[in-house]
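I opened this entry to look up a few things: strands, rings, charges and a sheet. My notes follow in the order I checked them.

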Amino acid sequence: MQNGTPPANPGAEKQPDRAASLLGDPDCPICQGLGYLRADLPVSDPNFGRLEICQCRAAQVGQAVRQRLFAMSNLQQLSHLTFDNFEPRGRMGLWPLEASSLERAFNQSRHFARTLNGWLLLQGDFGCGKTHLAAAVANFAVSMGVPTLFITVPDLLDTLRFAYNDPEATFEQRFEEIRTSPLLILDDFGTQNATPWAQEKLFQLLNYRYINKLPLVVTTNLSLVEIEGRIRSRLEDPDLVTQVRILAQDYRRPASSTGHHELSSLGMMNRLTFATFDLREHEDLELNDLTSLRKALDAARAFAENPQGWLVFLGPYGCGKTHLAAAIANFRAEVGYPPLFVVVPDLLDHLRATFSPHSTISMDRRFEEVRTTPLLVLDDLGTQTSSPWAREKLYQLFNYRYNAELPTVITTASFPNEMDERLRSRLEDTRLVKVFPITVPSYRGEAPARQKARRGKSRG
């Protein structure tokens, strides 16, 4: 610096911008009350002649930045959202898996607030607690004197659009102030109008913070596959980003909610348990048939206790395979970890429904929910319409869960050689998949005939 020596004729030179025009300490020996000075650099330096804030004004300018960011954040309306009044395990009625995901999000958010290191990505459905935790991070940081901007993404874009006509600041100044905020919290990412301009501004904003490793919190109800590719690649960086998915349901739902996924058919099958399963030993069946049924039951019980790999029940309609699959699902739900139980044709209908202009959920998000669910039960594989689209979606589903080795239960009446060869190749991997053929005839279709035959024998 030029030791505080002001320009020979300050009034004749270009004056600093509005933010730099505030006066400093009149007794400051460095800037002599101007509040700014010029860098002592050679003419060839790109920063030659650049005005810099004097240290006597730094605190004043910092306070002004904090106030502007706080005003843009509307944190006054969110001041009640703190870590102290957040319930780490949620309200009564949550499944243990849901409560555990919420508790992990709480712990990670509190740790982030204390360290402000890296990025925190909070994912989950509406009403699961994401915004409360993000606001709690913001309120904690503000209490520690950290300039913080908490803003929903649609409001952020509106702020930038308004800056084009803002008489108090240029667009560049406003954008710079936002992207360099010591702590930035973007709430409801993905609810914005995804115009090319909006996508570009969001990328520039996140890319700047990514390169400079500035702390960032993002909340979204989107899966990563739904986010624009350039932004997604940065949110997937494990060295910078801590991803937390909250599985808790909307706290606004009635307490009587079953807790099952909206796609799940399990709520209609609560009577199908291991206790109600009939081994049909009273029927006149072949020993080999009864043995196959007993083996399938034992395998189902073992899988329910410890879901690992894939379990396939293969047999004719009415042999009991759906009952066993539902019994596994009901057992897991009873211990607090409800799976997604869905009939394959219904699943494809749910996916097709997302193409409707009235759908509130995208195809990518719905498919991501299904393929990543911790335990998936696919009933009646092979009864679906075998269109190219259906075959492709089922292959993508199988391939993802196969590579990730996610626990999966499948029931089918189709023999392996009747399936799509891409599905069959995965079902034939004995390292991951255990197949249990059930050879008993249909209980609903065969039993009356056999009873009639037995009555005939007794008369003879």
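How many residues of strand S8 (residues 310-314) are buried? I counted 5 of 5, so I noted the strand as mostly covered. I was working on a predicted model throughout.

**Strand S8**

I looked at the two faces of S8 in turn. On one side I found Trp310, Val312 and Leu314, and on the other Leu311 and Phe313. These residues are all buried, and both faces of the strand are covered.

Next I looked up the partners of S8. Strand S11 (residues 408-412) runs parallel to S8 and is joined to it by 5 bridges. Within that pairing, I saw Val312 opposite Ile410 of S11. Strand S12 (residues 433-437) also runs parallel to S8, again with 5 bridges. Here I picked out Leu314, whose bridge partner in S12 is Pro437.

**Rings around Trp310**

I then searched the whole structure for aromatic pairs and got 8. One of them joins Trp310 and Phe398, with ring centres 5.5 Å apart. Why did I log this pair as edge-to-face? The planes stand at 90 degrees, and edge-to-face needs over 60. The pair links distant parts of the chain: Trp310 belongs to strand S8 and Phe398 to helix H12 (residues 388-404), 88 residues apart. I checked burial for both. Trp310 has 2% relative accessibility and counts as buried. Phe398 is buried too, with a relative accessible area of 2%.

Trp310 has another ring pair, with Tyr402. I noted 6.3 Å from centre to centre and 80 degrees between the planes, which is edge-to-face. This pair also links distant parts of the chain, from Trp310 in S8 to Tyr402 in H12, 92 residues apart.

What lies over the face of Tyr402? I found Arg426 there, at 5.6 Å from the ring centre.

**Helix H11**

I turned to helix H11 (residues 363-372). Of its 10 residues, 8 are buried, so the helix is largely enclosed by the rest of the structure. I listed the buried ones: Met363, Arg365, Arg366, Phe367, Glu368, Glu369, Val370 and Arg371. What covers them? The cover includes strand S9 (340-343), helix H10 (344-353), strand S10 (376-381) and H12.

Arg365, Arg366 and Glu369 are linked with Asp125 in a network of salt bridges.

**Salt bridges**

Side chains of opposite charge can pair when their charged atoms come close. I got 19 salt bridges for the structure, and I went through some of them one by one.

- Arg280 meets Glu283 at 3.0 Å, N to O. Arg280 counts as buried at 3% relative accessibility, and Glu283 counts as buried at 9%.
- Arg424 meets Glu428 at 3.8 Å, N to O. Arg424 is partly exposed, with a relative accessible area of 21%.
- Asp429 bridges to Arg431, with the closest N and O atoms 3.4 Å apart. Asp429 is buried, with a relative accessible area of 16%, whereas Arg431 counts as exposed at 53%.

**The open sheet**

Last, I traced an open sheet of 5 strands. The order I wrote down is S4-S5-S6-S3-S7, with parallel pairing. Which strands stand at the edges? They are strand S4 (148-152) and strand S7 (241-246). Each has a single partner strand, so one side of each lacks a neighbour in the sheet. The twist averages 10 degrees from one strand to the next.

I checked the pairing at S7. Strand S3 (residues 119-124) runs parallel to S7, and 6 bridges join them. Gly124 stands opposite Ile246 of S7. Helix H6 (residues 196-211) packs on the sheet, where I found it touching S3, strand S5 (183-189) and strand S6 (216-220). The direction of H6 makes about 140 degrees with that of S5.

Technical notes
Residues are numbered from 1 along each chain as its sequence is written. This is a predicted model: local features need pLDDT of at least 70, side-chain atom pairs count only at pLDDT 80 or more; totals for chains, interfaces and linings use all residues. Side-chain values use heavy atoms; hydrogens and water are left out. A salt bridge is a side-chain nitrogen of Lys or Arg within 4 Å of a carboxyl oxygen of Asp or Glu. Buried means under 20% relative accessible area, exposed over 50%, partly exposed in between (1.4 Å probe, protein chains only). Helices (H or I, at least four residues) and strands (E, at least two) are DSSP runs, numbered from the N terminus. Two strands pair if DSSP finds at least two bridges between them. Rings of Phe, Tyr and Trp (its six-membered ring) pair if their centres lie within 6.5 Å; planes under 30 degrees apart count as stacked, over 60 as edge-to-face and the rest as tilted. A charge sits over a ring if NZ of Lys or CZ of Arg is within 6 Å of the ring centre and within 35 degrees of the ring normal. Contact means heavy atoms within 4.5 Å. Axes are lines fitted to C-alpha atoms, for helices over the stretch in contact, and angles run from 0 to 180 degrees between N-to-C directions.
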